[in-house]
Amino acid sequence: MGVLKNWGATRQNSTSGLFCTIIDIIRAFAAKLHRKSVSFLANFEYTATFLQDICNRHQMGICIKDFIGFLPINKQLDAALQPFAAHTNPFCMFIKQDKKLYMRCLASMRPMYNRCLQEKNCFSGMCYAGVYELVVPIRIGDEVLGSINASYFSGDREISHRLIRRLFSQDHEKAEYAVGLFERYVPTPTVQPAEVLPILHMLSEYLAMTYAGFKFSHAVAGSPRHPRDQQENLLITQAREYIGKNYVSALQVGEIARHCHCSESYISHMFTKHTGININTYINKIRIDHAKYYLLTTSDSISTIALNVGFSDPNYFSRVFASLVAIPATEFRRRYTT
C-alpha cells in the first residue's frame with residue numbers, strides 16, 4: 001500500500017517441478033499466441049477468480065501494481081484485474097481516506113519500481129501503515145512491467161500497531177479505531193511465504209507472457225507511468241470499489257467524489273476518460289448485472305429485484321434494463337431460465 005521499508009530480501013528459487021511445468025506451458029502458449037494472432041482472447045475472468053480464490057483460501061491480500069501501463073493493453077485483461085489494482089480492504093480504505101496518507105500510497109510506486117529493477121526474484125517489507133508484503137516483480141528480461149504484492153505476512157503485529165498509532169498520534173480515538181480495523185481485516189495468512197511464492201511466480205510469468213503476446217500490436221511505454229497517471233488509475237479503482245460496495249444505496253456523484261478526495265467535475269471527467277462511460281451509466285450497469293443474477297436464480301418479482309439492486313422506481317429499472325440488455329427483464333428471465 002505504501003513505500004516498503006526495512007527491506008528483507010527473500011530470494012527464492014524453490015519453484016517446484018510442477019510449477020516449472022505450468023510455467024513452461026504458459027510460455028509455449030504465449031509464444032504461439034504471439035506467432036499467430038491476438039484475436040483469440042483468454043477468458044481473463046478465470047484469472048481473476050483464481051486470484052480471489054487464493055485470497056479467500058489463505059486469508060491473503062493480492063494487489064497487482066502496474067508500473068508501465070501494461071494491463072490496459074487488453075480491455076478484458078484490464079477489466080478482469082481491476083479489483084486487484086489497489087488494496088481495498090476496509091483498513092487500507094480507511095487509511096486512504098486521509099488525503100496526505102493517500103498521497104503517500106501514490107508516492108510508493110516509484111521506489112517500488114526502482115526496487116523491482118534491482119531484484120530479480122522477490123523481496124519483502126512493511127509499508128508505512130504496518131502492512132507487510134511479499135513483492136514479486138513482473139518482468140520480461142530486464143523490462144519491469146509491474147509487481148504482484150501479497151499482503152498480511154507479518155511476524156510481529158505489535159510493530160504494525162505502533163506504526164498505525166504513529167499515523168494518528170493527534171487523535172487517539174481514530175488511532176485505536178484503525179488498529180481495530182487492522183486486527184479485523186488484516187489477518188495472518190494461513191500459509192507461509194515459501195509456500196505461496198511458487199504460485200506468485202507463476203502468476204507473474206503468466207502476466208508477463210500474456211503481455212508479450214499482445215505487445216507487438218500495441219504501443220506501450222517502457223518506463224513507469226507518470227505520477228499523474230498513477231493517481232488517476234488509483235482514483236478510478238477507488239471509485240469503482242466504492243460503487244461496487246454501495247450500488248444498492250441512492251449513490252450520488254458527490255458522495256463518490258468525497259470518498260475519493262476530489263471534486264465532482266474531476267471524478268466525472270476522469271471516470272469517463274478511463275472507462276468510456278459516465279459514472280451514472282456505470283452504476284446502472286453494475287445494478288443491472290446483479291439484477292440478471294436475481295432474475296435467473298430467484299422467483300422474486302421485477303419490482304422486488306429492482307429495489308434489491310438500488311432502483312427505487314421499478315418502471316425506471318425496466319427502461320434501464322431494456323436499454324442496456326436490449327430485451328425487457330421479463331423476456332430475459334423467460335429466455336434464459338427455460
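**View 1. Ring pairs join six aromatic residues, Phe-311, Tyr-316, Phe-317, Phe-321, Phe-332 and Tyr-336, into a cluster.** Rings of Phe, Tyr and Trp (its six-membered ring) are taken as a pair if their centres lie within 6.5 Å, with planes under 30 degrees apart called stacked, over 60 edge-to-face and the rest tilted. The structure, which is a predicted model, is read with local features at pLDDT of at least 70 and side-chain atom pairs only at pLDDT 80 or more, whereas totals for chains, interfaces and linings use all residues. Residues are numbered from 1 along each chain as its sequence is written, and side-chain values use heavy atoms, with hydrogens and water left out.

**View 2. Phe-67 and Tyr-113 form an edge-to-face pair.** The structure holds 13 aromatic pairs; in the one formed by Phe-67 and Tyr-113, the centres are 5.5 Å apart and the planes make an angle of 80°. Phe-67 lies in the loop between strand 2 (61-66) and helix 3 (75-81) and Tyr-113 in helix 6 (residues 109-118), so the pair ties together parts that are 46 residues apart in sequence. Helices (H or I, at least four residues) and strands (E, at least two) are DSSP runs, numbered from the N terminus. Phe-67 is buried at a relative accessible area of 2%, and Tyr-113 is buried at 10%, where buried means under 20% relative accessible area (1.4 Å probe, protein chains only).

**View 3. Arg-104 lies over the face of Tyr-128, and Arg-115 over that of Phe-123.** The distance from the ring centre is 4.2 Å for Arg-104 and 5.7 Å for Arg-115. A charge sits over a ring if NZ of Lys or CZ of Arg is within 6 Å of the ring centre and within 35 degrees of the ring normal.

**View 4. The largest nonpolar core has 43 residues, and Leu-200 and Leu-207 have the most contacts inside it.** Such a core is a set of buried Ala, Val, Leu, Ile, Met, Phe, Trp, Tyr and Cys residues joined through side-chain atoms within 4.5 Å. Among the elements that give two or more residues to this core are helix 2 (44-58), strand 4 (132-140) and strand 5 (143-151), while helix 9 gives the most, with 10 residues. Leaving aside neighbours within four places in sequence, Leu-207 is in contact (heavy atoms within 4.5 Å) with Ile-64, Phe-70, Leu-77, Leu-81, Ile-138 and Ile-148.

How values were computed:
Buried < 20%, exposed > 50% of the residue type's maximum accessible area, 1.4 Å probe, protein only.
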